[in-house]
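Trainee: Please walk me through this one feature by feature. I'd like to know how to read each term before we apply it.

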Amino acid sequence: MRKNLLASLAGFLTGILNGLFGSGGGMVVVPFLKKLGLEQKSAHATSVSIILPLSVLSAGIYISKNYMHINDVFPFLPGGILGAAFGAFLMKKISPKLLQKIFGVFILYCSYKMLFS
(Lines give C-alpha, C1' and ligand atoms only; values in the text may rest on other atoms or scores of the structure.)
Protein backbone atom coordinates (compact mmCIF):
# COMPACT_ATOMS: atom_id res chain seq x y z
CA MET A 1 0.00 0.00 0.00
CA ARG A 2 2.77 2.44 1.00
CA LYS A 3 4.70 1.58 -2.18
CA ASN A 4 1.65 2.41 -4.35
CA LEU A 5 1.14 5.67 -2.49
CA LEU A 6 4.78 6.68 -3.05
CA ALA A 7 4.54 5.72 -6.72
CA SER A 8 1.36 7.79 -7.12
CA LEU A 9 2.96 10.75 -5.38
CA ALA A 10 6.07 10.47 -7.56
CA GLY A 11 3.90 10.30 -10.67
CA PHE A 12 1.89 13.34 -9.58
CA LEU A 13 5.01 15.42 -8.86
CA THR A 14 6.62 14.26 -12.08
CA GLY A 15 3.53 15.26 -14.05
CA ILE A 16 3.46 18.70 -12.45
CA LEU A 17 7.14 19.30 -13.23
CA ASN A 18 6.70 18.01 -16.75
CA GLY A 19 3.71 20.26 -17.35
CA LEU A 20 5.37 23.34 -15.87
CA PHE A 21 8.92 22.95 -17.13
CA GLY A 22 8.68 20.68 -20.17
CA SER A 23 10.21 17.57 -18.62
CA GLY A 24 12.49 17.83 -15.64
CA GLY A 25 10.37 15.24 -13.89
CA GLY A 26 13.25 12.79 -14.00
CA MET A 27 14.82 14.73 -11.15
CA VAL A 28 11.86 13.67 -9.01
CA VAL A 29 11.06 10.25 -10.36
CA VAL A 30 14.60 8.79 -10.33
CA PRO A 31 15.09 9.25 -6.57
CA PHE A 32 11.55 7.96 -5.92
CA LEU A 33 12.17 4.89 -8.06
CA LYS A 34 15.39 4.21 -6.17
CA LYS A 35 13.50 4.57 -2.88
CA LEU A 36 11.02 2.00 -4.19
CA GLY A 37 13.87 -0.46 -4.71
CA LEU A 38 14.99 -0.05 -8.32
CA GLU A 39 18.69 -0.04 -9.11
CA GLN A 40 20.24 3.19 -10.44
CA LYS A 41 20.24 2.19 -14.13
CA SER A 42 16.73 0.73 -13.95
CA ALA A 43 15.49 3.92 -12.28
CA HIS A 44 16.90 6.05 -15.11
CA ALA A 45 15.51 3.77 -17.82
CA THR A 46 12.10 3.61 -16.13
CA SER A 47 12.12 7.38 -15.73
CA VAL A 48 12.45 7.81 -19.49
CA SER A 49 9.49 5.47 -20.00
CA ILE A 50 7.43 7.51 -17.55
CA ILE A 51 8.46 10.90 -18.94
CA LEU A 52 7.75 10.03 -22.60
CA PRO A 53 3.94 9.81 -22.38
CA LEU A 54 3.85 12.81 -20.02
CA SER A 55 5.92 14.82 -22.47
CA VAL A 56 3.69 13.84 -25.40
CA LEU A 57 0.62 14.89 -23.42
CA SER A 58 2.21 18.19 -22.34
CA ALA A 59 3.36 18.92 -25.90
CA GLY A 60 -0.16 18.29 -27.20
CA ILE A 61 -1.58 20.73 -24.67
CA TYR A 62 1.11 23.33 -25.45
CA ILE A 63 0.40 23.02 -29.18
CA SER A 64 -3.39 23.17 -28.72
CA LYS A 65 -3.05 26.33 -26.58
CA ASN A 66 -0.71 27.93 -29.14
CA TYR A 67 2.17 28.12 -26.63
CA MET A 68 4.40 26.65 -29.32
CA HIS A 69 4.36 25.64 -32.95
CA ILE A 70 5.15 22.11 -34.04
CA ASN A 71 7.57 23.40 -36.70
CA ASP A 72 9.81 24.77 -33.93
CA VAL A 73 10.47 21.20 -32.79
CA PHE A 74 11.88 19.69 -35.98
CA PRO A 75 15.38 21.27 -35.95
CA PHE A 76 16.04 19.67 -32.54
CA LEU A 77 14.84 16.16 -33.32
CA PRO A 78 17.83 14.73 -35.25
CA GLY A 79 20.33 15.76 -32.57
CA GLY A 80 17.95 14.73 -29.80
CA ILE A 81 17.41 11.29 -31.29
CA LEU A 82 21.14 10.75 -31.78
CA GLY A 83 21.85 12.03 -28.27
CA ALA A 84 19.22 9.75 -26.74
CA ALA A 85 20.64 6.71 -28.54
CA PHE A 86 24.18 7.62 -27.50
CA GLY A 87 23.08 8.22 -23.89
CA ALA A 88 21.34 4.82 -23.74
CA PHE A 89 24.46 3.18 -25.20
CA LEU A 90 26.69 5.06 -22.76
CA MET A 91 24.57 4.08 -19.76
CA LYS A 92 25.45 0.43 -20.39
CA LYS A 93 29.14 1.33 -20.09
CA ILE A 94 28.92 3.48 -16.93
CA SER A 95 28.88 2.04 -13.42
CA PRO A 96 25.74 2.75 -11.35
CA LYS A 97 27.81 4.78 -8.84
CA LEU A 98 29.28 6.98 -11.58
CA LEU A 99 25.83 7.42 -13.14
CA GLN A 100 24.48 8.53 -9.75
CA LYS A 101 27.31 11.05 -9.35
CA ILE A 102 26.85 12.43 -12.88
CA PHE A 103 23.11 12.76 -12.25
CA GLY A 104 23.72 14.56 -8.95
CA VAL A 105 26.25 16.97 -10.48
CA PHE A 106 23.87 17.67 -13.37
CA ILE A 107 21.01 18.48 -10.98
CA LEU A 108 23.28 20.78 -8.94
CA TYR A 109 24.55 22.50 -12.08
CA CYS A 110 21.01 23.06 -13.40
CA SER A 111 19.90 24.33 -10.01
CA TYR A 112 22.79 26.77 -9.86
CA LYS A 113 22.12 28.05 -13.39
CA MET A 114 18.43 28.51 -12.69
CA LEU A 115 19.04 30.34 -9.43
CA PHE A 116 21.92 32.57 -10.47
CA SER A 117 21.53 33.21 -14.21
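Mentor: Let's start with a backbone detail: just after H2, Gly37 takes a positive phi of about 110°. This is a predicted model, so local features need pLDDT of at least 70 and side-chain atom pairs count only at pLDDT 80 or more, while totals for chains, interfaces and linings use all residues. Residues are numbered from 1 along each chain as its sequence is written, and side-chain values use heavy atoms, with hydrogens and water left out.

Trainee: Which residue has a positive phi although it is not a glycine?

Mentor: That's Asn66, with a phi of about 60°. Asn66 sits in the loop between H3 and helix H4 (77-93).

Trainee: How do I read "buried", and what share of the 117 residues is buried?

Mentor: Buried means under 20% relative accessible area, exposed over 50%, and partly exposed in between (1.4 Å probe, protein chains only). Buried residues make up 19% of the chain's 117 residues.

Trainee: Which residues of H2 are buried?

Mentor: In H2, which spans residues 26-35, they are Gly26, Val28, Val29, Val30, Phe32 and Leu33. These buried residues pack against helix H1 (2-21), helix H3 (40-64) and helix H5 (96-116).

Trainee: What counts as a contact, and what does Ser47 touch?

Mentor: Contact means heavy atoms within 4.5 Å. Ser47 lies in helix H3 and counts as buried because its relative accessibility is 5%. Not counting residues up to four places away in sequence, Ser47 touches Gly26, Val29, Val30 and Leu33. Across the protein chain, take the contacts between residues at least 6 apart in sequence: 58% of them join residues at least 24 apart.

Trainee: Now helix packing. At what angle do H1 and H2 pack?

Mentor: Axes are lines fitted to C-alpha atoms, for helices over the stretch in contact, and angles run from 0 to 180 degrees between N-to-C directions. Angles under 35 degrees count as roughly parallel, over 145 as roughly antiparallel, 65 to 115 as roughly perpendicular and the rest as oblique. H1 and H2 pack at about 170°, with their axes 9 Å apart, so H1 is roughly antiparallel to H2.

Trainee: Which residues make that contact?

Mentor: H1 brings Leu6, Leu9, Ala10, Leu13, Thr14 and Leu17, and H2 brings Val28, Val29, Phe32 and Lys35. For classes, Ala, Val, Leu, Ile, Met, Phe, Trp, Tyr, Cys and Pro count as nonpolar, Asp, Glu, Lys and Arg as charged, and the others, Gly among them, as polar. That gives the contact of H1 with H2 8 nonpolar, 1 polar and 1 charged residues.

Trainee: And at what angle do H1 and H3 pack?

Mentor: They pack at about 40°, with axes 9 Å apart, so H1 is oblique to H3. The contact involves Thr14, Gly15, Asn18, Gly19 and Leu20 of H1, and Ile50, Ile51, Leu54, Ser55, Ser58 and Tyr62 of H3. By class, the contact of H1 with H3 has 5 nonpolar, 6 polar and no charged residues.

Trainee: Let's zoom in on that contact. Is Ser58 buried or exposed?

Mentor: Ser58 counts as buried because its relative accessibility is 11%. Leaving aside neighbours within four places in sequence, Ser58 is in contact with Asn18 and Gly19. Leu20 counts as exposed because its relative accessibility is 59%.

Trainee: What is Ile50 in contact with?

Mentor: Leaving aside neighbours within four places in sequence, Ile50 is in contact with Thr14, Val29 and Leu33. Ile50 counts as partly exposed because its relative accessibility is 27%. Ile50 and Thr14 are 36 residues apart in sequence and 8.7 Å apart in space, C-alpha to C-alpha.

Key:
Helices (H or I, at least four residues) and strands (E, at least two) are DSSP runs, numbered from the N terminus.
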